[in-house]
Amino acid sequence: MRVLYVFIDGVGYGEPGEQNPVCPAVCPTLCALMDRAVHLDACLNVPGLPQSATGQSTLYTGVNAPQVMGRHKEGFPGPTLCKLLQEGNLFMELRRRGLRVCFADAYFADTADELAARRFKSVTTIMSLTTPEVIRYQRDMLAGRAVLHDLTREAIVPKGYTGPLITPEVAAEQLLDIAAENDFTLFEYFLTDIAGHSQNRERAEGVLSSLDRCLTKLVAGRDEETLLLITSDHGNIEDLGTRGHTFNPVPLIAVGPHAEEILAGASSLMDVMPHLMRVI
């Protein structure tokens, strides 16, 4: 069995209406997947709105990171969360089992040292640096062996990129090819969270539509031995009436081998990693 884990930042279950662009007219594949997904609690019995740093740390360690912090932590991980991630995380555990692991997002960088020197590092960057062999770079993206976080590469044009752009469908094909070469592949998409914070319906619909085109291809192109796993860290884009995150539950989607085992009994962000480790 192979696993392709697609992390979508900032997508929860919201009430239908003008403020919720997560609807069949905009993203039919995502909505269909969410309709048959398990709902996960992102609040984790800690007061306050769920946030990215603690939510993602919980997903990738199985530990209640907000409880460790004493609060939900936004943005980038600080010393406490970095220590938690460096002591044990999904990439480390899979590598210890001798599995082929890949973080499929292309870093707009050339070396792990360059990433380590950056002042602000995401949860996935901290996790990747504990096992730098999983990291992929700009050269990998150009070779079709990594996918930029926005799927199409348009995000790095203002940074000086002059190479070819690709469609969300081509990005999906590349992700499927990458997943076929590894036991576990993670791809992170966070434009949904950025669009949610913008409260701009047109922007949100554009982001969701692009993502949906990719997901449609992933679902259709997945082979029988590949488990497609999708989840999020907190709600956001499903309620454009607020600039912040939401208390809404998030989906845990599993399609393929062992999907029922992954979903069975899952109720919070803490369950994703242990349920995955049970079947991989």
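Gln51 sits in the loop between β2 (38-40) and α2, with helices (H or I, at least four residues) and strands (E, at least two) taken as DSSP runs numbered from the N terminus. This is a predicted model, in which local features need pLDDT of at least 70 and side-chain atom pairs count only at pLDDT 80 or more, while totals for chains, interfaces and linings use all residues. Numbering runs from 1 along each chain as its sequence is written, and side-chain values use heavy atoms, with hydrogens and water left out.

At 18% relative accessibility, Gln51 counts as buried; the label means under 20% relative accessible area, with exposed being over 50% and partly exposed in between (1.4 Å probe, protein chains only). Setting aside neighbours within four places in sequence, Gln51 is in contact (heavy atoms within 4.5 Å) with His72, Lys73, Glu74, His234 and His245. Gly265 is another matter: 214 residues away along the chain, its C-alpha atom is separated from that of Gln51 by 24 Å.

Next comes α2 itself, which is mostly covered, with ten of its ten residues buried. Among them are Ser52, Gly55, Thr58 and Tyr60. Just after the helix, Gly62 takes a positive phi of about 80°. A positive phi also turns up after α10, at Gln199, where the value is near 60°. In α10 the buried residues are Leu191, Thr192, Asp193, Ala195 and Gly196, and their cover includes β1, α2, β6 (184-189) and α11 (201-221).

The largest pocket holds about 610 Å³ of space. Points are joined across faces, edges and corners, and the volume is the space filled by probe spheres set on them. The elements giving two or more residues to the lining of the largest pocket are α2 (52-61), β4 (106-107), α7 (123-129) and α10 (191-198), and α7 supplies the largest share, three residues. In total, 26 residues line this pocket, with Phe76, Ser122, Thr125, Glu188 and Phe190 nearest its centre. They divide into twelve nonpolar, seven polar and seven charged, where Ala, Val, Leu, Ile, Met, Phe, Trp, Tyr, Cys and Pro count as nonpolar, Asp, Glu, Lys and Arg as charged, and the others, Gly among them, as polar.

The second largest pocket holds about 200 Å³. Its lining has 13 residues, and Gly14, Asn20, Val22, Cys31 and Asp35 lie nearest the centre. By class, that lining has seven nonpolar, four polar and two charged residues.

Beyond four places in sequence, the contacts of Leu186 include Tyr5, Phe7, Tyr60, Phe91 and Phe103.

Those rings come up again among the aromatic pairs, which number seven. Rings of Phe, Tyr and Trp (its six-membered ring) pair if their centres lie within 6.5 Å, with planes under 30 degrees apart counted as stacked, over 60 as edge-to-face and the rest as tilted. Phe7 and Tyr60 make an edge-to-face pair, 6.3 Å centre to centre with 65° between the planes. This pair links distant parts of the chain, since Phe7 is in strand β1 (residues 2-8) and Tyr60 in helix α2, 53 residues apart; both are buried. Phe91 and Phe103 form a tilted pair, at 6.1 Å and 50°. Phe91 lies in helix α5 (residues 90-96) and Phe103 in strand β3 (residues 101-103), so parts twelve residues apart in sequence are tied together. Tyr5, Phe7, Tyr60, Phe91, Phe103, Tyr107 and Phe184 form one aromatic cluster.

Technical notes. On a 1 Å grid over the protein atoms alone, a cavity is a set of points where a 1.4 Å probe fits but cannot get out, and a pocket is an open set with protein on both sides within 12 Å along at least five of seven lines; lining residues have an atom within 4 Å of a point.
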